[in-house]
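This report describes the pockets, the cavity and a domain interface of one protein model. The sequence and structure are shown first.

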Amino acid sequence: MYFQHIYDKSLAQASYFIGCQKAGVAAVIDPKRDVDTYLEIAKQNNMKITHILETHIHADFLAGSRELAALTGAEMYLSAEGGPDWKYEFPHVDIKDGDVLKVGNLKIEVVHTPGHTPESISFLLTDTPASDEPVMLFTGDFVFVGDVGRPDLLEKAAGMKGTQDIGAKQMYQSIKKFDALPEYIQVWPGHGAGSACGKALGAVPSTTVGYEKIRNWAFQHKNDEAGFVKYLLEDQPEPPKYFAMMKKLNKVDRPLLTAVPKLKKLDYTELSAALAKGIKLIDARDKSEFSKGFIPGSINIQGNNSFATWAGWFLTYEEPFMLLADESQLDDLTRKLMRIGLDNIHGYIPSTKIWEENGGSLEKVNQITIEEFKALQQEKDVQVVDLRGVAEYNAGHIKGADNVFVGSLVNNLDKISKDKKVLIHCQGGDRAAIAYSLLSRNGYKNVLNYSPGMNEWVSQNNAVEY
């Protein structure tokens, strides 16, 4: 058996390439959309990709199953569980609980494990030349390292009312299936730490059934369904706005993108015309560089591992947008964007230089220190805004701070004063940089950014309230 774990740090998303070396055939589980990765693995190992599998209809990334099928001729084997509302709307092979797939000498059994979504399935792998016993379980968003998949996304992200309680109870039953498996089986989940598909995912890439029985909170609620459901649903992070569109695009027929696009470099005339039309400019520079000088109206989303997630909060799938990024970053950023289906890139500029050379002025971020923050707190006409998620805010915040989550900021501008001085902060500055740029874009001139945020505040033993 040949096995390779492919991990996308930007979305904390795992996919898997599993091959039978004797037969020269392979399967890919939950492929990302820039599928050249799998084609290269197959080429290097002299294998043909014949099977493409998905654990469920994903919400956090745009699966590359159809692109990979178009390029290889492989069949897509997709869940037929969950009822009529969970049918994939493009040609594929239906699979259900108990079905067995053969990939050369490898045997893959389908196990229905609903909870995260109604159609979710896991894949139990047996390497038949080595043993008659299964050795690996690919769980998708069912069981993670130290956590289980959240059942509230359909309700919170896709607006499907009443589904989270049903999903939580289904997850409780699915856990019993997992609990009955041999403890030695390796568990390979669909996500790692940083994914919004759970609240406490471990950073280790894999685990075992036995290890999860010991350390995973979900297995400490035997004979306590109510306690399990309560803990599973409470304090889940805010689901990114783009999740609803992913659920749709992963289910329906859609245009394919079988290669990473090459972006157009814009000249000043093209840039200024686009800005005049309201086309957004996403500045992917580090927040410290952005703060020293930025093109008015641009939005600072740093080109790090969180780039795609935040882009998905503030860009729609209908609108074109532009990037400001060094040319060395373009391939990486384009891949990150295409993984969530944000393909409508109008073009890019490599720096602010083109703007300045043509007479454009730059704005700067009003940064403040902790001493300045404390002094301003004492003034009458001051509003402190904590940009973190609700669960983070509830776990401890600066006294008197209002909580406006950065992802929903644009829809809550009525909560931000235009008359008072507004002091913004988050945990370590990244979200505050986004918020500052958004507020500046919306005409706010009264914002001061306490960038070190809660990390510095707590490290200096300043009081928090709950």
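## Domains and their interface

The C-alpha centres of domain 2 and domain 3 are separated by 24 Å. The domain assignment, whose bounds come from an automatic or database source, gives domain 1 (2-247), domain 2 (268-350) and domain 3 (370-465). The model is predicted: local features need pLDDT of at least 70 and side-chain atom pairs count only at pLDDT 80 or more, while totals for chains, interfaces and linings use all residues. Residues are numbered from 1 along each chain as its sequence is written, and side-chain values use heavy atoms, with hydrogens and water left out.

Between them, domain 2 and domain 3 bury about 1200 Å², 67% of it on carbon and sulfur atoms; buried area is the accessible area (1.4 Å probe) that two parts lose on being put together, summed over both. On the domain 2 side, Lys287, Trp310 and Phe314 lose the most area to domain 3, together 40% of what that side buries. One salt bridge is found across this interface, the criterion being a side-chain nitrogen of Lys or Arg within 4 Å of a carboxyl oxygen of Asp or Glu. Lysine 287 also forms a salt bridge with aspartate 430, with 2.8 Å between the closest N and O atoms.

## The largest pocket

The largest pocket holds about 950 Å³ of space. On a 1 Å grid over the protein atoms alone, a pocket is an open set of points with protein on both sides within 12 Å along at least five of seven lines, a cavity is a set where a 1.4 Å probe fits but cannot get out, and lining residues have an atom within 4 Å of a point. Grid points are joined across faces, edges and corners, and a volume is the space filled by probe spheres set on the points.

Its lining comprises 41 residues, of which Gly194, Ser306, Thr309, Trp310 and Arg431 lie nearest the centre. Two or more lining residues come from each of α10 (307-314), α14 (390-394) and α15 (430-441), and α10 provides the largest share, four residues. Helices are DSSP runs (H or I, at least four residues) numbered from the N terminus. By class, the lining has 20 nonpolar, 13 polar and eight charged residues; Ala, Val, Leu, Ile, Met, Phe, Trp, Tyr, Cys and Pro count as nonpolar, Asp, Glu, Lys and Arg as charged, and the others, Gly among them, as polar.

## The second largest pocket

About 220 Å³ of space lies in the second largest pocket. Of its 16 lining residues, Lys241, Lys280, Trp313, Phe314 and Val410 lie nearest the centre, and α10 and α15 are the elements that give two or more residues. Domain 2 and domain 3 each supply at least three residues to this lining.

## The cavity

The whole structure has one cavity of 30 Å³ or more. The largest cavity has a volume of about 40 Å³, and its lining residues include Glu54, Arg66, Phe90 and Arg254.
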